[in-house]
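I opened this notebook to keep track of what I look up in one structure. The entries follow the order in which I looked.

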Amino acid sequence: MANTPTVDARSGFCSSNSVFYSKRRSIPLPPNDSLDITTFISSQAHRGNVAFIDGSTGQQLTYVQLWDAVRSVASSLSDMGIRKGHVVLLLSPNSIFFPVVCLAVMSLGAIITTTNPLNTTREIAKQIADSKPVLAFTTRQLIPKLAGPIPLPIVLINDEIDAPIDNKSIVNTLGKMMAIKKHDGLKSREAIIQDDTATLLYSSGTTGASKGVVSSHRNLIAMVQTVIGRFYSDDNHHQTFLCTVPMFHIYGLVAFATGLLASGSTIVVLSKFEMHDMLLSIQRNRVSYLPLVPPILVALINAADQVKAKYDLSSLRWVLSGGAPLSKEVIEGFLEKYPMVSILQGYGLTESTGVGASTDSLEESRKYGTAGLLSASMEAMIVDPDSGHPLATNKTGELWLKGPTIMKGYFSNAEATASTLDSKGWLRTGDLCYIDEDGFIFVVDRLKELIKYKGYQVPPAELEALLLTHPEIADAAVIPFPDEKVGQYPMAYVVRNAGSSLTESGVMEFVGKQVAPYKRIRRVAFIDSVPKNPSGKILRKDLIQLAASSSSSKL
Ligand SMILES: CC(C)(COP(=O)(O)OP(=O)(O)OC[C@H]1O[C@@H](n2cnc3c(N)ncnc32)[C@H](O)[C@@H]1OP(=O)(O)O)[C@@H](O)C(=O)NCCC(=O)NCCSC(=O)/C=C/c1ccc(O)cc1
């Protein structure tokens with residue numbers, strides 16, 4: 001037995017190979033290689049009746065109606081010529097039909113790519129040029145956002161079947177597709193294996209501009225198993241979740257369009273976050289689980305007295321926080337105001353197809369500030385960013401993850417894939433973390449060049465490239481600036497050309513016109529030169545320090 005690696009049961013750390021192993025029961029993965037995510041979910045046994053409720057209109061989709069709709073839409077897509085490997089773009093706010101489109105597309109082996117409706121036409125055109133979709137699903141209101149250089153055939157999502165169609169690009173409506181009763185199109189469905197690509201979600205990763213994250217059916221199937229393991233034990237009753245975070249991000253997508261459907265949950269869907277709608281929906285539908293991002297928790301704390309006076313939140317048991325770090329102050333502030341509700345934390349990336357670590361019980365959540373224990377079947381290493389050597393417990397380094405939910409790579413970007421995934425399948429997360437003696441992960445800082453505004457990713461490189469297109473800007477660097485309400489917002493350090501009288505507001509307006517609102521630069525400082533290392537890399541840490549010291553000296 002001399003060669004058996006010794007894993008410390010308490011931390012999960014194996015000293016012979018420096019790998020941390022998950023302490024959770026490993027997830028069963030279906031052995032059948034010919035399996036797609038939609039078939040996998042629809043074949044799970046559960047006692048759920050209502051799958052979705054539209055939070056504003058009350059319209060419901062039962063599980064029977066959901067799977068009927070998915071089959072009809074898939075058959076119709078097949079009749080329209082959609083085949084395995086084709087990319088389909090979904091540009092829509094949250095709706096009870098968002099999952100129908102995703103599940104139908106993926107059931108054919110076609111690939112779903114989603115985008116934020118707040119994105120500008122220019123940003124969406126970039127994603128279209130990169131992902132090359134053959135069809136788009138969108139709403140009537142969002143059609144102008146598809147007016148980029150590459151015209152796409154469009155399926156309208158929220159349209160009355162008989163409404164006049166005046167746009168030549170519109171080839172169908174979801175209503176018509178869902179009404180199809182004969183599913184002949186499914187006969188020409190091609191065989192799908194678990195390794196085939198299912199989703200293409202965009203993320204900036206550790207550096208540079210947004211890239212398509214390729215997740216396979218296997219990645220999503222493993223994530224479904226993780227979600228089931230996280231929320232359902234044998235004695236768990238039926239649960240009602242509220243969906244107010246966007247389904248177009250991995251967080252919302254894996255929960256509301258896939259994972260929770262495997263266990264018969266009811267999901268109340270709001271088209272977007274609005275405080276009153278959210279609270280009223282909790283009250284009306286007796287919601288028990290509320291997945292959020294930290295800025296909503298902060299807003300709930302700040303308005304706690306009015307909230308508790310006006311709404312009956314007695315059904316609410318769990319708040320799930322993900323997408324951005326949650327500070328100890330926010331956790332304590334929330335628990336003080338809402339003692340009946342427990343917070344569960346989740347840590348994940350688009351590149352890990354959702355959750356990589358989490359706290360799954362009140363007891364685990366009592367480790368304040370932790371991102372949780374490694375998800376089932378996930379392995380981790382903490383790697384010294386300078387030496388590249390793996391570290392043991394309680395030592396801070398870059399978190400590397402390996403497991404069945406780790407992406408296949410970045411779409412058509414071998415260079416970015418090679419610098420993010422190593423040959424053994426380890427994903428460099430770009431987060432500085434340590435893992436304690438009980439196996440809990442703590443995120444300390446970020447190595448990657450990323451700004452998180454309200455849980456949305458803002459890649460500094462993208463804003464820097466845009467700033468450099470201004471005729472009066474010689475050089476620029478963009479950094480995160482901390483803010484209690486939104487987490488961080490983008491701040492620009494700008495070097496003006498000689499003789500330029502460009503103002504701070506001039507810089508902000510120039511960027512604001514071209515990017516989604518969450519990417520706007522909200523603070524500007526002018527400097528003589530951008531600090532860089534000998535190879536020309538921006539020394540962001542120096543600028544972050546400079547910003548902190550100049551803002552505190554202003555107080
Ligand atoms: C609900 C939020 C927190 C706040 O919403 P909001 O206040 O209405 O603002 P928006 O973010 O929608 O809009 C941004 C800005 O655009 C503005 N805006 C709004 N609609 C308009 C308009 N139609 N025209 C023009 N301006 C507009 C809006 O006013 C706002 O401006 P400002 O007030 O200046 O911030 C919203 O930002 C939000 O849903 N954020 C969540 C993002 C999110 O899901 N992130 C997760 C990423 S994936 C990930 O990290 C995964 C992690 C994970 C973790 C754990 C797990 O278990 C699994 C996974």
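**Entry 1: the ligand**

How far is an oxygen atom of the ligand from an N or O atom in the side chain of Arg522? I read 2.8 Å for this pair, which falls under the heading of a polar contact (a pair of N or O atoms within 3.5 Å; within protein, one must be able to donate a hydrogen and the other to accept it, and residues adjacent in sequence count only if both atoms are side-chain atoms). I noted next that the ligand taken alone exposes 1,200 Å², of which the protein buries 74%. Such areas come from the Shrake-Rupley method with a 1.4 Å probe, and for residues only the protein chains shown count as cover.

Before going on I wrote down the terms of reading. This is a predicted model, in which local features need pLDDT of at least 70 and side-chain atom pairs count only at pLDDT 80 or more, while totals for chains, interfaces and linings use all residues. Residues are numbered from 1 along each chain as its sequence is written, and side-chain values use heavy atoms, with hydrogens and water left out.

The side chain of Lys272 has an N or O atom 3.0 Å from an oxygen atom of the ligand. For the side chain of Lys452 the corresponding distance to a ligand oxygen is 3.1 Å.

**Entry 2: the shell**

How many residues surround the ligand? I found 24, the closest being Tyr453, Lys454, Gly455, Tyr456 and Arg522.

I sorted the shell by residue type and got twelve nonpolar, seven polar and five charged. Here Ala, Val, Leu, Ile, Met, Phe, Trp, Tyr, Cys and Pro count as nonpolar, Asp, Glu, Lys and Arg as charged, and the others, Gly among them, as polar.

E16 gives the most, with three residues. Helices (H or I, at least four residues) and strands (E, at least two) are DSSP runs, numbered from the N terminus.

**Entry 3: two positive phi values**

I went to the loop between E16 and E17, where Thr353 is found. Phi of Thr353 is near 45 degrees, a positive value in a residue other than glycine. Thr353 is buried, at a relative accessible area of 0%; buried means under 20%, exposed over 50% and partly exposed in between (1.4 Å probe, protein chains only).

Ser377 is another such residue, with phi near 65 degrees. I located Ser377 in the loop between strand E18 (372–374) and strand E19 (379–383). Its relative accessibility is 23%, so Ser377 counts as partly exposed.

**Entry 4: helix H6**

Why is H6 largely enclosed by the rest of the structure? Because 13 of its 15 residues are buried.

I placed Thr420 in helix H13 (residues 414–420). Thr420 is buried, at 4% relative accessible area. A polar atom of its side chain lies 2.8 Å from the backbone oxygen of Ala416.

Ser500 sits in the loop between strand E28 (487–496) and helix H15 (504–512). Is Ser500 buried or exposed? Ser500 counts as buried, at 17% relative accessibility. Its side chain reaches the backbone nitrogen of Leu502 at 3.1 Å.

Leu292 belongs to strand E14 (residues 289–292) and is buried at 0% relative accessibility. Beyond its neighbours within four places in sequence, Leu292 is in contact (heavy atoms within 4.5 Å) with residues including Thr244, Tyr251, Met278 and Val319.

Thr6 lies in the segment before strand E1 (13–14). At 54% relative accessibility, Thr6 counts as exposed. Leaving aside neighbours within four places in sequence, I listed Phe13, Cys14, Ser15 and Ser16 as the contacts of Thr6.

Notes:
Near = heavy atom within 4 Å.
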